[in-house]
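Please open the model in your viewer and keep the sequence panel beside it. The tour below moves from the ligands to the sheet and then to the chain as a whole.

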Amino acid sequence: MQFHTWEPAYEAILRDFGYDRDGDEAARDELAALVSDFDVSRLDATGETVAVVGAAPALPDDLDAVADADRVFAASTAADVLRERGLAVDVHVTDLDKNPETSRELAREGTPVAAHAHGDNRDLVAEWVPKLDGANVLGTTQARPVDGVRNFGGFTDGDRAAFLADAVGAERLRFAGWDFDDAPDDAKRRKLRWAARLLTWLEDRRDERYPILDGHRDLDWLP
Ligand SMILES: Nc1ncnc2c1ncn2[C@@H]1O[C@H](COP(=O)(O)OP(=O)(O)OP(=O)(O)O)[C@@H](O)[C@H]1O
Ligand SMILES: Nc1nc2c(c(=O)[nH]1)N=C(CO)CN2
């Protein structure tokens, strides 16, 4: 997704949460100093079904879509649930705030880690990105992309995984581990609300219907 297409969504998110754009840009620049260019063609999913795996509490009972998929893009702690059950992770999408040791292990094994920098995880980026095998790190930002730091669209780890799958040519997206009604607190609920909005936008752009969005579709925020 071109940044000018993403930017209205980004600005709506900045407004809603009161995030500081300068903070996101500073985080992006710090990440850019730590990563090298990642060859995104390594993730090519043309013609494939990608499972976009979120970390809803019911994920362990929702693994059929994962087993059926050609590739698995796992968000944050969803990667741990999959690995505990012997299921492969093809990309780990994370802002490093929950399971950075898993990111380190995956990158060491050769699995790409899409590591995201924003204004509220700069300390984590500084601490953990240098510990990851740099050959397997794809730096991402929600601000304007620079150098090796890319913006495929998306906000939470899970919806960023979906936008990444879209960007690398996935023919079909399947969702596992998503539940917009099962958030532990209000902050998470608000973030999931944006995840639902952004996925509604994605399904609209791709002319698809994702059952996880039933009862949660929202395009009213689009300028
Ligand atoms: N009920 C849910 N609770 C938590 N995450 C969910 C849920 N449903 C879907 N997800 C998706 O799973 C992703 C991973 O969840 P997890 O709680 O491990 O991550 P997180 O590191 O707190 O995510 P983020 O930093 O993006 O908020 C979320 O980013 C979200 O997109
Ligand atoms: N500035 C900022 N950006 C974010 C944040 C956050 O807490 N602050 N959280 C995210 C997903 O949890 C994604 N992006």
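In what follows, a residue counts as near a molecule or strand if its C-beta atom, placed from the backbone, lies within 6 Å of it. The model is a predicted one, in which local features need pLDDT of at least 70 and side-chain atom pairs count only at pLDDT 80 or more, while totals for chains, interfaces and linings use all residues. Residues are numbered from 1 along each chain as its sequence is written, and chains are lettered from A and ligands numbered from 1 in the order in which they are written.

Select ligand 1 to begin: 21 residues surround it, the closest being G54, A55, S76, T77 and G158. Helices α7 (157–167) and α8 (186–206) each contribute at least two residues to this shell, where helices (H or I, at least four residues) and strands (E, at least two) are DSSP runs numbered from the N terminus. Coloured by class, the shell around ligand 1 shows 8 nonpolar, 5 polar and 8 charged residues; here Ala, Val, Leu, Ile, Met, Phe, Trp, Tyr, Cys and Pro count as nonpolar, Asp, Glu, Lys and Arg as charged, and the others, Gly among them, as polar.

Finally, zoom out to the whole protein chain, whose secondary structure comes to 8 helices and 6 strands, arranged from the N terminus as α-α-β-α-β-α-β-α-β-α-β-α-β-α. Along its principal axes, the C-alpha trace spans about 40 × 40 × 35 Å. Of the 223 residues in the protein chain, 43% are buried, meaning that 20 or more other C-beta atoms, placed from the backbone, lie within 10 Å of the residue's own.

Methods: A residue is buried if 20 or more other C-beta atoms lie within 10 Å of its own, exposed if 12 or fewer, and partly exposed in between; C-beta atoms are placed from the backbone.
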